Amino acid sequence: MKRKTIQQALTLKAVRTMKNHPIAEEVYKAVSAEHPNISRGTIYRNLNKLSENGDIHGIEVPGGADRFDHCCDKHYHVRCLQCGRVFDVDMDYIPDLEKAIRDTRGF
């Protein structure tokens, strides 16, 4: 059984409270505002652990920093090309959608 630390609980609470697909630095700033002795490395490690454990969802963003989602059910995301923010897509999840998309134009 893996033990949950106070630092993990603080990190998880921040991601769940923010609900905006934050990057690790944003989570660090939120947690350190109330707990100034917590280190950046601790937050980064705990984000990765929480993601590996399925408590949060890590989102890889090509050309940008990874983001973290409090919602762990399968769903899609889009990224704004202007501001870089990531948003949930309001549609049903389709298993293997990527495999069903035909690439007829070389993308």
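User: Which helix gives the most to the lining of the largest pocket?

Analyst: In this predicted model, helix 1 gives the most to that lining, with five residues. Helix 1 and helix 2 each supply at least two of the lining residues. The pocket has a volume of about 190 Å³.

User: What makes a residue part of the lining of the largest pocket?

Analyst: A lining residue must have an atom within 4 Å of a pocket point. Leu10, Lys13, Ala14, Thr17, Met18, Ala30, Val31, Glu34 and His35 line the largest pocket. By residue class, the lining divides into five nonpolar, two polar and two charged.

User: How does the lining of the second largest pocket divide by residue class?

Analyst: The second largest pocket, with a volume of about 170 Å³, has a lining of three nonpolar, three polar and three charged residues. Among its lining residues are His57, Cys72, Asp73, Tyr93 and Glu98.

User: Why is the pair of aspartate 55 and lysine 4 called a salt bridge?

Analyst: The criterion is a side-chain nitrogen of Lys or Arg within 4 Å of a carboxyl oxygen of Asp or Glu. The closest N and O atoms of aspartate 55 and lysine 4 are 2.6 Å apart, so the pair qualifies. The two residues are 51 residues apart and link distant parts of the chain: aspartate 55 lies in the loop between helix 3 (40-53) and strand 1 (57-59), and lysine 4 in the segment before helix 1 (6-18).

User: Why is lysine 4 classed as it is for accessibility?

Analyst: The relative accessibility of lysine 4 is 51%. Exposed means over 50%, and therefore lysine 4 counts as exposed.

User: What makes arginine 40 and glutamate 25 a salt bridge?

Analyst: Their side chains meet at 2.8 Å, N to O, against a cut-off of 4 Å. This pair, too, links distant parts of the chain, with arginine 40 in helix 3 and glutamate 25 in helix 2 (residues 24-34), 15 residues apart. Arginine 40 has 40% relative accessibility and so counts as partly exposed. By the same rule the model has two salt bridges.

User: Which residues have the most contacts inside the largest nonpolar core?

Analyst: They are Val15, Val27, Val31, Ile43, Leu47, Ile56 and Phe68, in a core of 13 residues. Helix 1, helix 2 and helix 3 each supply at least two residues of this core, and helix 2 gives the most, with four.

User: What does valine 31 touch?

Analyst: Leaving aside residues up to four places away in sequence, valine 31 touches Leu10, Thr11, Ala14, Ile38 and Ile43.

Definitions and conventions
Residues are numbered from 1 along each chain as its sequence is written. This is a predicted model: local features need pLDDT of at least 70, side-chain atom pairs count only at pLDDT 80 or more; totals for chains, interfaces and linings use all residues. Side-chain values use heavy atoms; hydrogens and water are left out. Buried means under 20% relative accessible area, exposed over 50%, partly exposed in between (1.4 Å probe, protein chains only). On a 1 Å grid over the protein atoms alone, a cavity is a set of points where a 1.4 Å probe fits but cannot get out, and a pocket is an open set with protein on both sides within 12 Å along at least five of seven lines; lining residues have an atom within 4 Å of a point. Grid points are joined across faces, edges and corners, and a volume is the space filled by probe spheres set on the points. Ala, Val, Leu, Ile, Met, Phe, Trp, Tyr, Cys and Pro count as nonpolar, Asp, Glu, Lys and Arg as charged, and the others, Gly among them, as polar. A nonpolar core is a set of buried Ala, Val, Leu, Ile, Met, Phe, Trp, Tyr and Cys residues joined through side-chain atoms within 4.5 Å. Contact means heavy atoms within 4.5 Å.
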